[in-house]
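Below are some notes on this structure for your review.

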Amino acid sequence: VRIAVLAPLVSPIAEPHIGGSQALLSDLAVGLAGRGHEVRVYAARGSHIDGVDVVDTGVDAASLRVTLFRADGAHADSSSTAATEAFGAAAGMIAGNAPDVVHAHAFDAPSVEAVASLGIPWIQVLHLPPDAAVAGAVGRALAGGGPLAVVTVSEAMRSAWAAAGVRARVIRPGVPVERVPWRAGSSRGVLFAGRLSPEKGALDAIAIATGAGMPLTIVGYPYDDAHAAEVRREVTARQEPA
């Protein structure tokens with residue numbers, strides 16, 4: 001099967017991933033290719049997935065920074081002109097390769113609209129909480145009777161999208177543990193791994209580790225620049241002598 005995977009263009013798809021949706025997409029593409037499917041991932045400039053054909057859409061992820069999701073609801077520009085142009089160009093590339101199915105993971109209404117216009121069977125994955133523009137675009141695609149399946153990644157997300165008028169099936173993400181390096185021994189300390197945005201709890205991790213007297217390692221992408229700076233300040237303060 002010829003599968004086109006449309007990535008969120010707000011960041012490159014490459015290790016270390018900016019977040020869970022990017023990691024899920026990468027794992028999915030590798031898994032599908034490993035099963036003998038012809039997989040092409042359409043992604044922002046600078047993307048790379050070992051063992052998978054990644055098509056550079058030419059999109060500079062920084063140009064879509066205004067579309068970044070925020071847990072406080074500040075995702076107001078998901079339908080920006082930049083996003084419309086970026087996903088329109090990506091859809092054109094997908095059409096040129098005539099896949100059997102499109103697997104879309106982007107978070108934006110322009111992505112939904114661009115893929116819907118292709119008339120190719122497609123799967124839309126809803127990674128994030130409901131957004132009015134996205135819900136409207138998905139609703140219109142479903143009402144149009146196109147070859148569309150909508151899925152999401154948890155029961156909580158399914159319920160939230162149902163409340164927004166979009167029915168989705170839950171397909172839970174899996175972790176390819178056979179590809180995750182590990183060691184039998186351990187060392188003293190705790191790890192926080194996650195993108196650096198307020199809802200992920202890096203500041204809570206710092207407070208907990210400090211209270212427990214445990215060394216802490218933080219690994220994460222500065223998704224929210226202001227929050228990342230605050231995390232750095234807290235880490236520095238923790239390291240300084242009292």
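1. A pocket, as the word is used here, is an open set of grid points with protein on both sides within 12 Å along at least five of seven lines, and its lining residues have an atom within 4 Å of a point. The model itself is predicted.

2. In the largest pocket there is about 1300 Å³ of space. Its lining numbers 44 residues, and those nearest the centre are Glu15, His17, Gly19, Gly20 and Ala23. H1 makes the largest contribution to the lining of the largest pocket, with 8 residues.

3. The sheet is open and parallel, with 7 strands in the order S3-S2-S1-S4-S5-S6-S7. Strands S3 (53-56) and S7 (169-170) are at the edges and have a single partner strand each, so one side of each is left without a neighbour in the sheet.

4. Within the sheet, strand S1 (residues 2-6) runs parallel to strand S4 (residues 101-104), and 4 bridges join them. Val5 is placed opposite His103 of S4.

5. Helix H4 (residues 132-143) lies across two strands, S5 (122-126) and S6 (148-152), and its angle to S6 is about 145°.

6. Which residues of the largest nonpolar core touch the most other members? They are Leu6, Trp122 and Leu126, in a core of 39 residues. At least two core residues come from each of S1, helix H2 (81-97), S4, helix H3 (109-116), S5, H4, S6 and helix H5 (155-163). H2 supplies the largest share of this core, 6 residues. In soluble globular proteins, nonpolar side chains tend to be buried together.

7. Neighbours within four places in sequence aside, Trp122 contacts Val101, Val102, Ala104, Val112, Val115, Ala116, Ala141, Pro147, Leu148 and Ala149. There is also a second, separate core of 13 residues, with Ala7, Ile13, Val39 and Val101 among them.

8. Residues up to four places away in sequence not counted, His227 touches Leu196, Ser197, Pro198, Ala202 and Leu203.

How values were computed:
Residues numbered from 1 in each chain as written. Predicted model: local features only at pLDDT ≥ 70, side-chain atom pairs only at ≥ 80, totals over all residues. Heavy atoms only, no water. Pairing = 2+ DSSP bridges. Contact = heavy atoms within 4.5 Å. Axes fitted to C-alpha atoms, helices over the stretch in contact; angles between N-to-C directions. Core = buried A, V, L, I, M, F, W, Y, C linked by side-chain atoms within 4.5 Å. Buried < 20%, exposed > 50% of the residue type's maximum accessible area, 1.4 Å probe, protein only. 1 Å grid on protein atoms, 1.4 Å probe; cavity = no way out; pocket = protein on both sides within 12 Å on 5 of 7 lines; lining within 4 Å. Points joined across faces, edges and corners; volume = space filled by probe spheres on them.
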